[in-house]
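User: I would like to know what the terms rest on here. Please set each value against its definition.

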Amino acid sequence: MRRCLNSPFLLILALGAVVALLPLILPSNFYVRVVAIVYINALAVLGLNLLMGFAGQVSLGHAGFFGIGAYAVALGPVYLGLPGWASLIGGTALSGLLAFVVGRPILRLSGYYLAIATLGMGVLISMVVSNEANITGGPNGMEVPRLVLFGSRITGSLTWYWISGITLVIGALIVVNLIESPTGRAFRAIHDSEIAARVLGVDVARYKLLAFVLSAVFTSIAGSYLVLLDGFVTPNTTSFLLSIELVVMAVLGGLGSILGSIVGAAILVILPQFLTVFHDYEHAVLGAIIIVFLIFLPSGIVPALASLIRRGPA
Amino acid sequence: MSILTVENLRIAFGGVIAIDGVSFSVRRNEIFALIGPNGAGKTTLFNMISGLYVPQSGRIVLDGEDVTNFTPQELARRGMSRTFQNLQVFFRMSAAENVMVGRHLHENRNVFAHLLALPSVHAQNRTTRARAEELLALVGLEGVADRAASSLPYGALKRLEIARALATEPKILLLDEPAAGCNPVETEEIDAVIKTIAAQGVTVVLVEHDMRLVMRISNRIHVLDRGRTLAEGGAAEVRSNPAVVTAYLGGLGEQEAARARD
């Protein structure tokens with residue numbers, strides 16, 4: 001157990017095994033779909049964690065990138081006649097490009113100021129989507145054409161389970177690779193001391209920007225997947241609330257923890273399904289649970305458990 | 001044969017002139033110390049030389065090149081590295097990883113290779129790690145490579161910063177109070193480390209409060225007081241300089257007198 005939590009490559013192996021075997025025990029299509037949504041959110045959180053958990057830069061506007069990915073697969077086929085997969089790639093590139101352009105000036109800020117600037121960016125994207133009603137359907141949203149790959153329409157929860165699961169494993173592998181490389185060390189160095197990183201020759205602005213662009217790309221792909229699975233897109237995919245949810249998932253699971261990204265996403269996707277028994281108070285109970293978690297496991301669920309196991313008789 | 005020359009450096013914060021027309025020249029392979037009473041501007045001067053502060057006037061020449069207004073990254077590429085008085089350790093990383101960050105400029109920085117974890121990245125990680133372990137041994141930190149930096153005692157962190165700075169393969173190393181907060185045993189260890197570094201051909205410039213350490217290891221000493229140069233010379237010269245004695249003792253005398261009136 002201890003090695004499993006410590007060694008990143010075993011983690012990927014375990015994750016791959018879970019993705020491969022889980023459908024065997026999931027009782028119905030409903031559960032398959034929920035787990036697919038967990039994977040999709042986890043992919044976005046993984047990206048956000050690269051930025052927040054490793055490079056130490058906060059973003060309260062990542063729903064903006066999620067929304068760009070989401071609307072790209074909705075608008076691309078309808079207005080540009082692009083196939084779904086090309087729209088997905090286009091949306092991902094657009095998110096990366098926007099992150100590159102916006103990131104340059106705003107990543108000079110730090111702490112609260114960066115939080116506000118990224119928030120502003122997210123809100124701006126959200127407003128464009130809501131206000132351009134004759135293109136995007138505004139608050140009513142619009143239908144997303146089914147993805148067509150190799151001549152067959154990609155529908156069904158199980159298909160999307162496999163696509164999102166495999167993408168998540170690849171995404172996690174990429175993050176692991178990065179963290180165990182000079183780039184990853186540069187990210188983590190910037191997190192702890194920007195001044196020391198600069199003095200050692202690390203191009204701080206470049207690495208912050210890189211983390212921002214990569215996280216935007218992850219989040220954008222997740223956005224595309226989610227609405228392709230749903231077959232419908234609404235401005236909720238760009239909402240400020242979603243940005244906050246992504247941050248909560250990252251913090252709850254554990255900043256700087258790859259497994260934590262997945263656990264955080266799982267809790268925030270699955271828990272509300274059980275909390276529906278509380279009806280109107282569903283969100284209040286969810287909020288209370290999150291507060292309790294953070295009081296008792298302030299470093300996040302996975303890092304806290306990992307250190308417990310390390311201290312205990314392993 | 002000077003490796004670092006500063007000419008007429010000046011910087012002011014608001015109305016306070018922190019450094020006012022300081023000039024000196026550091027020779028290759030020497031241990032050069034900057035001393036002075038509290039608030040003399042030693043760390044400010046270090047921050048200007050290492051590119052963290054931009055001087056308002058004056059010139060900094062590193063190895064024949066005018067590097068005034070250069071960023072810390074540019075200076076690192078040209079062979080300057082430093083440590084910090086108030087620790088700037090990467091606390092979320094292990095001791096070895098801290099030093100590995102210091103190898104950054106000597107590593108292949110192709111992000112796509114890193115994303116794919118190409119075999120060359122693994123090989124490079126191993127070389128970097130081996131070099132980091134050598135440097136940890138050099139500063140007397142063998143055996144703690146995999147410990148979290150946050151779990152190391154203060155004296156060890158001071159030496160960890162030195163190992164990390166050395167990892168950049170500097171021509172000139174600036175040490176900002178390497179012995180501050182260390183007990184006499186730790187101070188002696190650091191003393192030995194600095195001598196080893198200098199013996200390997202690295203020029204050392206240090207700011208230090210511990211007079212005995214400074215007198216013992218420095219080739220030349222530059223004394224600052226209230227942002228200005230007070231004296232420069234060997235240990236014996238500086239010790240017997242009346243202006244230096246007044247700056248250290250006289251300053252205290254004035255403070256005592258001020259308290260006495262209350």
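User: What makes strand 1 and strand 4 of chain B a pair?

Analyst: Strands are DSSP runs of E with at least two residues, and helices are runs of H or I with at least four, numbered from the N terminus. Two strands pair if DSSP finds at least two bridges between them. Strand 1 (residues 2-13) and strand 4 (residues 57-62) of chain B have 5 bridges, in the antiparallel sense, so they pair. One bridge joins B:Arg10 to B:Ser57 in strand 4. The model is predicted, and local features need pLDDT of at least 70, side-chain atom pairs pLDDT 80 or more, while totals for chains, interfaces and linings use all residues. Residues are numbered from 1 along each chain as its sequence is written, with chains lettered from A and ligands numbered from 1 in the order written.

User: How do you know that strand 4 and strand 5 of chain B pair?

Analyst: Strand 5 (residues 65-66) has 2 antiparallel bridges to strand 4 of chain B. That meets the bridge rule, so they pair. B:Val61 is bridged to B:Asp66 in strand 5. The two strands form a hairpin with 2 residues between them. In the turn, B:Asp63 has a positive phi of about 50°.
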